[in-house]
Amino acid sequence: MLSKKINTLLNKQIELEAKSSNAYLSMASWAEVQGWNGVSVFLYKHSDEERMHMLKLFHFVNERGGQAVVPEIKGLKSSYSSITELFEEVLEHEVNVTNEINALVDACLAEKDYTTHNFLQWYVAEQIEEERLIRNILDKLKLIGEEKSGLYMFDRDMSQMSNQAHG
Ligand code: OFO
């Protein structure tokens, strides 16, 4: 059975995953309209993946005798000055998610909630992957710089990378 405190913290994490999903959906829309088709495919899939992260938490909370709450997400950004700025924001967001997951893991230990602690290990591993993936993308963008044909190939490769990263 979840304590009130852990239930509340898990609902905060549900909100953060929902925010990730909506933020990436908003980015996908911008990218699609700007003609970054490969990037938009990647972001649409990433948005779906974040929703899956949210639902996984949702079911866990309800199965453990708590109650998951549907979050209201506001204040999403809808335009970016460049594709690099967009991915810098993704990385910043993911680093924040990692910090929150770590804080949640700490809270579980303090509460002696070893079941939730164990469940959260999946998220700990997932965050390592997510940060690695986005850092790789930013490294590529740095190498390419403003070079048009490089950016064209980057966009084309992104839909392929999307299949590798999101299955
Ligand atoms: Fe859910 O991993 Fe990103 O935010």
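Q: Which hand does the crossing of H3 and H4 have?
A: A crossing is left-handed if the near helix is turned anticlockwise from the far one by less than a right angle, and right-handed if clockwise. The crossing of H3 and H4 is left-handed. Helices here are DSSP runs of H or I with at least four residues, numbered from the N terminus. This is a predicted model, where local features need pLDDT of at least 70, side-chain atom pairs need 80 or more, and totals for chains, interfaces and linings use all residues. Residues are numbered from 1 along each chain as its sequence is written, and side-chain values use heavy atoms, without hydrogens and water.

Q: At what angle do the axes of H3 and H4 cross?
A: Two packed helices are described by the angle and the distance between their axes. Axes are lines fitted to C-alpha atoms, for helices over the stretch in contact, with angles from 0 to 180 degrees between N-to-C directions. For H3 (residues 83-110) and H4 (residues 114-144), the cross is at roughly 160 degrees, and the axes come within 9 Å. H3 and H4 are therefore roughly antiparallel (over 145 degrees; under 35 is roughly parallel, 65 to 115 roughly perpendicular, the rest oblique).

Q: How do the residues of the contact of H3 with H4 divide by class?
A: There are 19 nonpolar, six polar and five charged residues. Ala, Val, Leu, Ile, Met, Phe, Trp, Tyr, Cys and Pro count as nonpolar, Asp, Glu, Lys and Arg as charged, and the others, Gly among them, as polar.

Q: What about the loop between H3 and H4?
A: Lysine 112 is found there. Its phi is positive, about 55 degrees, although lysine 112 is not a glycine.

Q: Is lysine 112 buried or exposed?
A: Buried means under 20% relative accessible area, exposed over 50%, partly exposed in between (1.4 Å probe, protein chains only). Lysine 112 has 60% relative accessibility, so it counts as exposed. Glutamate 129, in H4, counts as partly exposed at 38%.

Q: Where is serine 20 found?
A: Serine 20 is in helix H1 (residues 4-34). It counts as buried because its relative accessibility is 0%.

Q: Which residues is serine 20 in contact with?
A: Contact means heavy atoms within 4.5 Å. Leaving aside neighbours within four places in sequence, serine 20 contacts Glu50, His93 and Val97. A polar contact of 2.8 Å joins the side chains of serine 20 and histidine 93 (N or O atoms within 3.5 Å; within protein, one must be able to donate a hydrogen and the other to accept it, and residues adjacent in sequence count only if both atoms are side-chain atoms).

Note on methods:
Helices (H or I, at least four residues) and strands (E, at least two) are DSSP runs, numbered from the N terminus.
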